[in-house]
Amino acid sequence: MTANNEPTIHVEHDEAGTNVEHDTHDNAYSGLLVNDANWAFGTDFEDPLAGVDTTVPDGVDAKDLGAYCLMLGDDALVFSQRISEWCSNAPDLEEDIALANIALDLLGQARLLLARAAAADPELVPELPAGSPVPDEDRLAFFRNDLGFRNVRLAEVPNGDFAEAVAKILIYSTWRLSIFERLVDSRDTVLAAIAAKGVKEMSYHRDFAGRWVVTLARGTEESKSRLVAALDGLWPLWTELFETHSVEASVAEAGIGVDPATVADEASVILDQVFAAAGIDRPERGGLAGVGVHGGKGRDGLHTEALSKLLAEMQVVAREHPEGQW
Amino acid sequence: MTAMLETSPTDTRTADMDTRTTDTAAEAIDRAWAAAERVTDPEMPMLTLLDLGVLRDVTIEDGHVVTIITPTYSGCPAMATMRDDLQRELLLAGFPDAEVRVSLTPAWTSDWITERGKKALKDAGISPPGAAPRNSGPVALTLMPTRRAVTCVLCGSDDVRLSSEFGATACKAMYQCNVCLEPFDHVKEI
């Protein structure tokens, strides 16, 4: 990307569509609009893996590596989108900022993972009209349908109250941290680096959520009952997190990925520590069944209705303007 | 426009960008470093990228400058701005085609913030990080508030409380002093 393709915006449209000339002092963002030096976002946003060696290591099928990165990337992307729905809706400013930060960390992980997926297997990337400026990770994020998404179904659960948010973040980050702590030893140096960074970030997420779970459980009758109800509602999606998809088995065999079944005991023990500190019982509900005769679940591209609605909102602008310059 | 930098310290040439007439490889790299070192963090402009530990290396490969940067957080939204700022500063120093590469490993740690950087943070009213935790083995679950040796940036009291582990940028937590009531940011140990 060079200075000659950066957008220059001198005229805006107001809500009624009227052209509005701005002088440099009438709004705090005018500097962003007229000063190329400060323009950093949109389709000009850099390739998140710029300059990173994305050669596929020996002994692994590039398609398996791509599919695996897509699974991990979709988990992070969909859950990030869910958490970002909390923006301006949290109980107080500190929690609002905390949730936005967690969503941002996951979005950063998603960009890297989806870019890695595209580099490993370019056939995964949806085709757009020639000349479209949309980068690969955005094509994957915005131009696939629900059946193409490989995230676990926990990531797509519609938001409930604040107790539901912290319960969901606790479950997700406990599971994910156990996987990423092992993924740092991946023979794929890109995945290993993404995991090493992710471990540091998700340690904060798990602690944040764990503290709130304890706080709500030890708070009032109302806060405790809401928390227990939230955990009970999410629990049917716990077992799916540790079921091994054939792609995960294949990349684990190749020393590239982690078989989630191998982290089930560790994740359970950690969650039990939180429950013990909170003085609540582990929920007992069984797992949510898959779909169809083969019992397909999130990793197979079979999702709950909630994902379709989430994607509709997340993707609509990008799909309306596949050649748009932002 | 292509930079034609010398690879031999004894050669001389006429620069095509400006009026410099001699530029040995050693001088070129010094000039490139000096330019890269001037670039500041877009979100914490009191810190240079070098003092933040984001700027990892500046080299000259095949006649063009290559700088290596490492993101502080996966979702750091400032990476593109950092890249643009580096390229602009290097352009002004006579290196029109500088390349900025991202290095993800080793992962950035707050330990890479230099002593000068920590002082610059403190002078700007931001509490600098202590030593980052060294993880060997599984990451410990911490259900009590993180204990840090943080002192108030305004009055120096150590009677402070953590108001949130997450702040205005991904790399900061929020504190408040119990004595003078000053709220302030603390750069997290990571």
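# Reading a two-chain model, step by step

Me: Let me start with chain B. In what order do its elements run from the N terminus on?

Reply: They run α-α-β-β-α-β-α-β-β-β-β. Helices (H or I, at least four residues) and strands (E, at least two) are DSSP runs, numbered from the N terminus. Chain B comes to four helices and seven strands. Two notes before we go on: this is a predicted model, where local features need pLDDT of at least 70 and side-chain atom pairs count only at pLDDT 80 or more, while totals for chains, interfaces and linings use all residues. Residues are numbered from 1 along each chain as its sequence is written, and chains are lettered from A and ligands numbered from 1 in the order in which they are written.

Me: Thanks! Into which domains is chain B divided?

Reply: Domain bounds come from an automatic or database domain assignment. Here domain 1 covers 25-102, and domain 2 covers 126-131 + 145-187. Their C-alpha centres lie 30 Å apart.

Me: How do I read a sheet, and in what order do β1, β2 and β3 of chain B stand?

Reply: Look for paired strands: two strands pair if DSSP finds at least two bridges between them. In chain B, three strands form an open sheet in the order β1-β2-β3, with mixed pairing. The edge strands are β1 (55-61) and β3 (99-102) of chain B, each pairing on one side only. Neighbouring strands of this sheet are turned by 25° against each other on average, direction ignored.

Me: How many bridges join β1(B) to β2(B)?

Reply: Six, and the two strands run antiparallel, with β2(B) spanning residues 64-69. To find your way, look at Asp57(B), which stands opposite Ile68(B) in β2(B).

Me: Which helix lies across β1 and β2 of chain B?

Reply: That is helix α1 (residues 25-37) of chain B, running at about 145° to β1(B). For such angles, axes are lines fitted to C-alpha atoms, for helices over the stretch in contact, and the angles run from 0 to 180 degrees between N-to-C directions.

Me: Now to β6(B) and β7(B). In which sense do they pair?

Reply: Strand β6 (residues 172-177) of chain B and β7(B) pair in the antiparallel sense over five bridges. One such bridge links Met174(B) to Asp185(B) in β7(B). Their hairpin has five residues between the strands, and Leu181(B) takes a positive phi near 70° there.

Me: Which other strands pair with these two?

Reply: Strand β5 (residues 160-164) of chain B pairs with β6(B) in the antiparallel sense over four bridges, and Leu162(B) has Tyr175(B) as its bridge partner in β6(B). Strand β4 (residues 126-127) of chain B is joined to β7(B) by two bridges, and this pair runs parallel. There, Ser127(B) is partnered by His186(B).

Me: Why is β7(B) described as largely enclosed?

Reply: The general idea is to count neighbours: a residue is buried if 20 or more other C-beta atoms lie within 10 Å of its own, exposed if 12 or fewer, and partly exposed in between, with C-beta atoms placed from the backbone. Strand β7(B) (residues 183-187) is largely enclosed by the rest of the structure because four of its five residues are buried. For β6(B), five of the six residues are buried, so this strand is largely enclosed too. Over the 190 residues of chain B, 41% count as buried.

Me: What about chain A: how many of its residues are in contact with chain B?

Reply: Two residues are in contact if their C-beta atoms, placed from the backbone, lie within 7 Å. By that rule, 42 residues of chain A are in contact with 28 residues of chain B. α6(A) gives the most to that side of chain A, with 18 residues.

Me: And which residues have the most contacts inside the largest nonpolar core?

Reply: A nonpolar core is a set of buried Ala, Val, Leu, Ile, Met, Phe, Trp, Tyr and Cys residues joined through C-beta atoms within 7 Å. The largest one has 137 residues, and Val166(A), Ala167(A) and Val213(A) have the most contacts inside it. Its largest share, 16 residues, comes from helix α3 (residues 93-120) of chain A. Leaving aside neighbours within four places in sequence, the residues in contact with Val213(A) include Leu170(A), Leu227(A) and Val274(A).
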